[in-house]
There are 6 protein chains.
Amino acid sequence: MSKTVLVSRKEHFNAAHKLYNPKWDNEKNMAVFGPCANENWHGHNFDLIVTIKGPIDVNTGFVVDLKALSDLIKTTIINQLDHKNLNLDVDFMKDKMASCENIVIGIWEILAAKISELNPEAALYKVVLHETRNNHVEYLGSNPS
Amino acid sequence: MSKTVLVSRKEHFNAAHKLYNPKWDNEKNMAVFGPCANENWHGHNFDLIVTIKGPIDVNTGFVVDLKALSDLIKTTIINQLDHKNLNLDVDFMKDKMASCENIVIGIWEILAAKISELNPEAALYKVVLHETRNNHVEYLGSNPS
Amino acid sequence: MSKTVLVSRKEHFNAAHKLYNPKWDNEKNMAVFGPCANENWHGHNFDLIVTIKGPIDVNTGFVVDLKALSDLIKTTIINQLDHKNLNLDVDFMKDKMASCENIVIGIWEILAAKISELNPEAALYKVVLHETRNNHVEYLGSNPS
Amino acid sequence: MSKTVLVSRKEHFNAAHKLYNPKWDNEKNMAVFGPCANENWHGHNFDLIVTIKGPIDVNTGFVVDLKALSDLIKTTIINQLDHKNLNLDVDFMKDKMASCENIVIGIWEILAAKISELNPEAALYKVVLHETRNNHVEYLGSNPS
Amino acid sequence: MSKTVLVSRKEHFNAAHKLYNPKWDNEKNMAVFGPCANENWHGHNFDLIVTIKGPIDVNTGFVVDLKALSDLIKTTIINQLDHKNLNLDVDFMKDKMASCENIVIGIWEILAAKISELNPEAALYKVVLHETRNNHVEYLGSNPS
Amino acid sequence: MSKTVLVSRKEHFNAAHKLYNPKWDNEKNMAVFGPCANENWHGHNFDLIVTIKGPIDVNTGFVVDLKALSDLIKTTIINQLDHKNLNLDVDFMKDKMASCENIVIGIWEILAAKISELNPEAALYKVVLHETRNNHVEYLGSNPS
């Protein structure tokens, strides 16, 4: 059956960060980022939603096994981010502003190459990151949006 | 007015199922599906979100009356699924794996033909099914995704 | 960096309205809109989600500063709608049915021209309005959907 | 079995109201209630949670049948409040300020006498009313709090 | 420091059940329990919240380590209930109606004896079980309610 | 009118912290607190719910004006905690473990003396702090629990 379905898995991580551009002095950082630039950090409970697109395997009824997708996200992403400092502790965020926009792109670049391990006909479709109940960002790579 | 808007209605159902491929023996089912293959079933509170696309009727301000859409979903879908066993009790799931992927396609196929009864210029756009707070699937038919 | 990201901000307002077409008599309004036509009004806690699309500013890591987007939405939209009557108190709803479909289009038309003030390379992508936990509408202008 | 359990049912209603003391002039009402005094009303999606306390019936496993409790709440409370104006349309709110505090007491007084119809050994324990995601009130009658 | 604090941990399980009294015939079960008596089962995503009461340990700042409480709940409760049939698969539910009321009492009886392993001065205070977004039950043992 | 009602207001703050006892070496901190002891901090979106108990003012229908309560919580609590480091930046947490248990007691001690400014007959009843969707703590002072 060639019908294409989107399947999504939500994972969580709790992390510290600050929004602070090291090329600017403290005053300019405070003017641009306000309390998000607090030198002693702040933090969030982040919700991460990863969406995969692909055909359904007739034998399982799955696009991909969401337990396997959960394990992949935990191994490659959550272990790097959970109970960590996004500015100091995370390899893929080195030399980047610790914004949600940069985090979702970093997550996309790690996951995009690995989804075919779960199903060779499936592909990463979207990465969404909720920072608070009111703020979230999405990255779709070259998918239409 | 020819502007196109998406309108969505959420409905709920509580159902039992298991993930079990009758072509495989019990050992292989356990290896592939883990506890989801428990022979005595398990179940979920499912959230179903149906999205319709169409122009706005000037007299009502509606694409479709969401009360009428709710009634249509209840009559054609929820009555078949709520407090039921998705493997045993549901005509449109006969001979299919009882996965969310197959359920959303089954729901799409029932609803797609009926939306024009609500508004001849409106069409089914998307069906989303949340199985747990962390897992959901979406089907858009031939709409772009 | 030219990668395009979607960023979203949720705001809230509490408002009264009724669904009532003044060209129809009371009986027809009741037949079409049911209790939503109650002459003494009813109301909702509305959730409004505004999504912006654009490239990331290297210095901030932002598509747009979501605090600035929040301020823009509050100044131009929420101040007109919160603790108001959508039929009587809102300039952009004059002579329109007070439906969510018409509200999201009205919000789009106000915001679309102002997003470039936040980032000249960013643009309004989507406006979503949740009226109840079960009903929501979306407008994407001429973006694909 | 004489163990006592609390069972709760959530229902919903959408209503308009304003906070306005007719003994005060408009200026004082605005000073005290701010935008909640808007003469043209505003409204909310209210969540109502009713909690019953009692022993378990051995034959059903229930304190009370929550479907029967739901029907009782709908018949006696929701039908009076849903898609209504709390200041104008509701008998039990006549001559009272349309605050959540007065609404929960009114609901308690209606329900308290009727719970024994569901189970003669059960009693009303608590009424909770959520007006927004941030504001809620509770009334426990003479139960300890 | 002798101040007493309540700490709570939420866990989840997905299970099948039916409400069916084997002393009654099918017709009476249908009359009493309606679709909940469907012979082929239905199911839910259950949310379980366990609350502990006790003084704060000065060295940790904890009443009990919530990670240790989570592990205890998973080992003693969730492993028995998750992806199971509450009528057929669960030792502590044998010969009882598979209602939430009976489940919370069964959970209380298992956990009450084990909390002192986490902190000898702490005790089980409350067990809450949410069966749907609208229905939940609570048991407090001999604590005041 | 002498009926007593509970009214609650929810506020939010985003903060960094770590669980780290300075009397212990790093190895013991890791053994006790696991990743929560990460030296570079982690963080959360905290939800704070403050409950007040008192009689209803006949003129307003309020126990206390929840807008005034919100302002009091923001001025005395949220301004100290939001976008801050709970170990380094908060006066009332000095020399205490940065656990939720200690935070709710600290919040209680600040607020308890100030509620009578809002209504001399009202009193602080409960402080609840949600650290994640699964973990929360409550403090009731000397109120029964």
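Mentor: Let us start with a term: contact means heavy atoms within 4.5 Å. This is a predicted model, in which local features need pLDDT of at least 70, side-chain atom pairs count only at pLDDT 80 or more, and totals for chains, interfaces and linings use all residues. Residues are numbered from 1 along each chain as its sequence is written, chains are lettered from A and ligands numbered from 1 in the order in which they are written, and side-chain values use heavy atoms, with hydrogens and water left out.

Trainee: Thanks! How many residues of chain F are in contact with chain A?

Mentor: Take the partner side to begin with: chain A brings 23 residues to this contact.

Trainee: What share of the area buried between chain F and chain A do carbon and sulfur atoms give?

Mentor: Buried area is the accessible area (1.4 Å probe) that two parts lose on being put together, summed over both. For chain F and chain A that area is about 1,700 Å². The share from carbon and sulfur atoms is 46%.

Trainee: Which side chains of chain A and chain F meet in a salt bridge at 2.7 Å, N to O?

Mentor: A salt bridge is a side-chain nitrogen of Lys or Arg within 4 Å of a carboxyl oxygen of Asp or Glu. The rule finds 2 salt bridges across this interface. One of them, at 2.7 Å from N to O, joins A:D47 and F:R133.

Trainee: Which elements give two or more residues to the side of chain F that touches chain A?

Mentor: Helices (H or I, at least four residues) and strands (E, at least two) are DSSP runs, numbered from the N terminus. The elements you want are in chain F: β1 (4-17), β2 (42-55) and β3 (84-85).

Trainee: And how many residues on that side of chain F are polar?

Mentor: Ala, Val, Leu, Ile, Met, Phe, Trp, Tyr, Cys and Pro count as nonpolar, Asp, Glu, Lys and Arg as charged, and the others, Gly among them, as polar. The side of chain F that touches chain A has 6 nonpolar and 6 charged residues. Its polar residues number 11.

Trainee: Now to chain E. Which residues of chain F lose the most area to chain E?

Mentor: This contact takes 21 residues from chain F and 25 from chain E. The area buried between them is about 1,900 Å², with 52% from carbon and sulfur atoms. On the chain F side, 31% of what is buried comes from three residues together: F:E101, F:N134 and F:S145.

Trainee: Which side chains meet in a salt bridge between chain E and chain F?

Mentor: The rule finds 1 salt bridge across this interface. With N to O at 2.7 Å, the partners are E:K3 and F:E109.

Trainee: Which element gives the most to the side of chain F that touches chain E?

Mentor: At least two residues each come from α1 (26-33), α3 (100-112) and β5 (135-139) of chain F. With 5 residues, the element that gives the most is β5(F).

Trainee: In what order do the elements of chain A run?

Mentor: Chain A has 3 helices and 5 strands. From the N terminus on, they run β-α-β-α-β-α-β-β.

Trainee: Last one: how far apart are the nearest C-alpha atoms of chain B and chain D?

Mentor: Chain B and chain D do not touch. Their nearest C-alpha atoms are separated by 14 Å.
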